[in-house]
Amino acid sequence: MKIAFILGLVASALWAEGLFRPIAPVAPIDAPRAALGQKLFHDPRLSKDATVSCATCHPLDAYGVDGLSVSLGIGGQKGELNAPTVFNTAFNLAHFWDGRAATLEEQAIGPIENPVEMGNRIENVIAWLSKDESYRPLFKEAYGGRVDRESITGALAEFQKTLITPGSRFDRFLGGEQNALNAAEREGFALFKTKGCVSCHNGINLGGNLYQRAGVVIPMAFEQDPAAWAGRYAVTKDEADRYYFKVPSLRNVGKTAPYFHDGSVTTLHEAVRQMAWHQLGRKLEEREVDRLVAFLGALEGRLEGYGIRGGR
Amino acid sequence: MNLLSKRIMIPALVALMGLGVVAYYLFFQGFLAQQRFERLTTQTLSDLRLANLELDTLFVGGFSYIDYDKSVKDLQHFEQTLEALLQQYNQLGDDGDGLGLLGEALQRDFTAKSRIVERYKAINAVQNNSLRYLHELYQQLPLKLLGEGAQENAVRLEMGRFLAGISAANLREIGNGGWTKDRLEQLRLPPGHPAEETVALFLLHAKMFVDGAKSVEALGRDNAALGLAAKINKAAEQTDRYFRQRQAVWMLLGNLAFAMGALFFVAFVLVFIREEQLKKRLERMNRELESRVNEETAKRRHQEQMLIQQSKLAAMGEMIGAIAHQWRQPLNTLAINIQDLEDAYNYGELDKTYIQNLIARCMGLIKHMSQTINDFRNFFRQSKEKSRFDVYAAVRETLELVQDQYKNHQISVVLSCEPFELSAYKPQGGGIVELSGCEPGAFVSEGYLNEFKQAVLNLLSNAKDAILERREQEPGRTQGTVAVIFTRQGGSIEVGIEDDGSGVPPELMERIFEPYFSTKEEGKGTGIGLYMAKTILEVNMGGALEVSNGAQGARFVIRLAGAQPSDPAK
């Protein structure tokens with residue numbers, strides 16, 4: 001009876017393949033709005049001193065991250081948390097590490113008005129945008145000429161929806177292509193499930209669909225710092241939510257170092273090791289870590305989006 | 001302006017009916033819109049109920065992988081449906097205020113639920129992992145502890161018991177299943193023991209698992225306590241009630257509009273019927289009235305005829321006096337002539353000449369007396385048909401009948417065809433005076449000759465009586481004058497009979513033409529005379545008779561339509 005139960009668990013763990021889905025484009029997309037969003041995304045004039053654009057911290061040709069543990073805002077100010085990728089964000093349940101933005105539109109206003117990021121006010125942006133001739137036809141076609149908070153964030157959000165990375169080896173494997181993954185990657189995939197990584201990193205984004213406590217089994221180092229970010233607690237004001245963060249997506253994780261909300265871990269091997277210990281309470285063998293890292297590498301997809309290679 | 005006249009009523013009622021129809025149409029549109037909106041809201045609430053059920057299934061499943069992507073979609077779906085519902089509630093305006101607040105409460109509850117769901121997911125993930133690891137760790141043990149000491153076996157037994165105690169059925173009770181902190185602490189091996197780390201990990205995860213189980217149970221309770229399903233049902237009930245009420249109002253309005261329209265229609269029909277009824281009644285009454293009037297008129301005429309006869313008889317009575325008067329003198333003269341015969345014989349004057357003269361004188365007198373009879377007889381014969389007659393001549397002939405009386409009473413009658421001032425005239429002892437200016441045949445009219453003469457006679461008789469009455473009041477007066485003035489006014493003839501008698505008191509002016517009205521003493525007058533004269537002149541001859549007071553006495557004016565003279569009638 002016990003054995004059956006255990007076997008059932010293992011089987012369900014393996015069968016959890018059903019919890020993974022390949023990346024598919026978000027539809028429908030409003031092309032004029034996405035075009036406007038693309039131009040805004042790359043425009044440093046969104047920031048107060050016109051030095052920082054969205055692309056500064058989320059360069060699209062670098063998988064949407066700048067490779068810094070925390071990004072630099074206007075005037076070289078250090079940011080608060082590690083900048084997550086802008087790719088595949090349409091599949092996340094919320095945005096920001098603490099999930100305070102329920103939609104991409106709500107998220108877009110954040111960096112613009114964050115003092116250590118772009119340090120601006122939306123009114124200023126509206127002011128100069130309204131006078132800018134190069135934007136007028138774009139705004140006309142996308143929003144009938146309306147330049148306001150709604151249209152600006154809406155355009156940015158629409159653009160972000162187009163940013164996806166389909167075609168990874170893992171997605172092809174999910175599609176039935178058995179040879180898409182090599183032996184090491186396949187072994188890594190099995191470990192990914194049996195070790196329990198899949199419990200949180202599942203779904204179309206292999207993550208991004210729930211909140212979890214960082215250091216749920218064994219507390220993490222950052223808790224030592226009294227000024228450490230409290231995560232979800234900032235939104236719900238519930239002690240039980242302290243140090244709960246949105247589980248990040250593992251897609252393209254090989255390319256989006258450094259890791260964790262504070263960007264404290266620079267290598268994927270170390271990240272895997274720490275995750276296993278702090279989140280699963282397991283000590284992994286090196287061989288197992290290698291396999292897992294190999295598997296995570298198979299999650300790299302093609303960079304796609306409006307106006308960039310491969311996009312519409 | 002008669003408001004009930006057809007010309008106003010029909011358009012007004014048609015307009016009102018039209019309004020009723022328009023109102024009903026508008027109501028119907030509004031009612032349909034309301035129904036559509038109601039259906040939409042009911043659908044939204046149903047969707048919300050289903051979305052909530054989906055979320056609740058998370059808490060039911062004991063222990064399996066939860067599709068987190070689906071849970072995210074479910075939460076988003078719920079949120080969007082709730083958003084839509086709130087928008088619909090907002091469209092209800094002030095009326096749905098209670099519902100608006102209900103919707104906001106649902107939003108707050110949803111936020112709480114989504115937090116519960118997220119935490120549940122997090123704990124669920126850890127539970128899954130811990131359970132798997134616990135089994136793994138337990139599997140690892142026998143390899144290391146076979147054949148070892150009692151403590152190891154005891155620990156291994158406890159671990160087994162712990163795992164056995166976990167099943168889908170009592171997952172929620174694992175926290176209360178006797179695995180207290182102290183009992184759990186038994187799961188330890190001394191430091192340095194080869195299996196120490198394994199067991200330590202087991203203990204760690206076992207503790208986590210127990211805490212997690214407690215949390216999961218608490219979260220399930222919290223979700224149940226939220227009672228979102230019941231609240232959604234309540235919202236559905238309240239919404240339904242709201243719409244029922246509105247619908248009742250709509251139905252009422254619609255029925256009112258329709259009733260108004262129907263009422264107006266019925267009122268219109270009733271009024272129309274009533275009007276027809278009234279019209280018929282009116283016609284009937286008119287006909288009745290007409291026949292009554294005809295009846296009465298015939299009676300009246302008959303009475304008039306009788307009155308005419310009576311007045312004739314009365315006049316006749318008066319005429320007897322006149323005849324007697326006219327005959328007295330000739331009879332006296334005849335008597336004297338015959339008595340003189342004997343004296344003539346005694347004096348030897350009885351010769352042929354004397355006898356011839358006597359015969360001539362007497363025959364003349366007799367002829368005169370006979371003429372008097374003829375005159376009076378003619379006078380009282382009824383004129384059967386209208387004829388043309390000379391008004392002047394008729395008056396003249398009438399005068400001859402009464403001239404002796406007038407002479408006796410010292411009353412002069414002046415006939416004039418030019419304006420005549422009665423007060424300036426000096427009477428000369430009675431008799432008829434014809435002034436110049438009257439052309440023969442100048443005053444010709446058409447009518448009943450004898451009746452006309454009777455009217456004139458009556459007026460002359462009244463004039464005489466008035467003069468005599470004045471003489472009684474003013475003893476110094478010995479003379480009296482009656483002026484008969486003939487004039488032409490356009491196509492009509494006017495005969496004015498003016499006297500210098502006592503006149504007509506102004507307050508009686510209107511009444512003197514009434515039948516049986518007399519100013520004379522009892523027995524001295526019938527009161528019919530003037531009434532008859534007026535009737536004859538106005539009714540029979542289509543003329544007019546007016547009275548006024550002249551400078552001296554009364555003034556009667558006869559007006560007749562003139563006719564072309566053909567042969568002067570007699």
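In the predicted model, a salt bridge links the side chains of Glu185(A) and Arg169(A), with an N to O distance of 2.4 Å; the term denotes a side-chain nitrogen of Lys or Arg within 4 Å of a carboxyl oxygen of Asp or Glu. Because Glu185(A) belongs to helix 9 (residues 183-194) of chain A and Arg169(A) to helix 8 (residues 169-174) of chain A, the pair ties together parts that are 16 residues apart in sequence. Helices (DSSP runs of H or I, at least four residues) and strands (runs of E, at least two) are numbered from the N terminus. Glu185(A) is buried at 5% relative accessibility, whereas Arg169(A) is partly exposed at 32%. Here buried means under 20% relative accessible area, exposed over 50%, and partly exposed in between (1.4 Å probe, protein chains only).

Residues are numbered from 1 along each chain as its sequence is written, and chains are lettered from A and ligands numbered from 1 in the order in which they are written. As the model is predicted, local features need pLDDT of at least 70 and side-chain atom pairs count only at pLDDT 80 or more, while totals for chains, interfaces and linings use all residues; side-chain values use heavy atoms, with hydrogens and water left out.

Over all chains, the salt bridges number 52. Side chains of opposite charge can pair when their charged atoms come close. In chain B, Glu400(B) and Arg396(B) form a salt bridge with an N to O distance of 3.9 Å. These two residues are four residues apart in helix 9 (residues 391-408) of chain B, and are thus separated by about one helical turn. Glu400(B) is partly exposed, with a relative accessible area of 37%, and Arg396(B) is also partly exposed, with 22%. A further salt bridge joins Glu397(B) to Lys453(B), their closest N and O atoms lying 2.6 Å apart. Since Glu397(B) is in helix 9 of chain B and Lys453(B) in helix 10 (residues 449-473) of chain B, this pair ties together parts that are 56 residues apart in sequence. Glu397(B) is partly exposed at 21% relative accessibility, whereas Lys453(B) is buried at 10%. Arg21(A), Asp67(B) and Asp69(B) are joined into one network by salt bridges that share partners.

Chain A contains 12 helices and two strands, arranged along the sequence as α-α-α-α-α-α-α-α-α-β-α-β-α-α. Of its 312 residues, 54% are buried. Most residues other than glycine have a negative phi, and most peptide bonds are trans. In chain A, the peptide bond from Ala27(A) to Pro28(A) is cis, with omega near 0°, and Pro28(A) lies in the loop between helix 1 (2-15) and helix 2 (31-41). Another cis peptide bond, with omega of about -5°, joins Ala257(A) and Pro258(A). Asn88(A) occupies the loop between helix 3 (54-57) and helix 4 (104-113) of chain A.

In chain B, strand 7 (residues 544-549) and strand 8 (residues 554-561) pair in the antiparallel sense over six bridges; pairing requires that DSSP find at least two bridges between the strands. The two strands form a hairpin with four residues between them, and Ser548(B) has Arg555(B) in strand 8 as its bridge partner.

Lys and Arg count as positive and Asp and Glu as negative, His and the chain ends not being counted; each charge is placed at NZ of Lys, CZ of Arg, CG of Asp or CD of Glu. A negative patch comprises Asp340(B), Glu342(B), Asp343(B), Glu349(B) and Asp351(B). Asp351(B) is in the loop between helix 7 (228-346) and helix 8 (352-380) of chain B. A positive patch is formed by Arg274(B), Arg281(B), Arg284(B) and Arg287(B), with Arg281(B) located in helix 7 of chain B.

Conventions:
Patches are made of residues with over 30% relative accessible area and no salt bridge: like charges are joined within 9 Å, nonpolar side chains (Val, Leu, Ile, Met, Phe, Trp, Tyr) within 5 Å. Accessible areas come from the Shrake-Rupley method with a 1.4 Å probe; for residues, only the protein chains shown count as cover.
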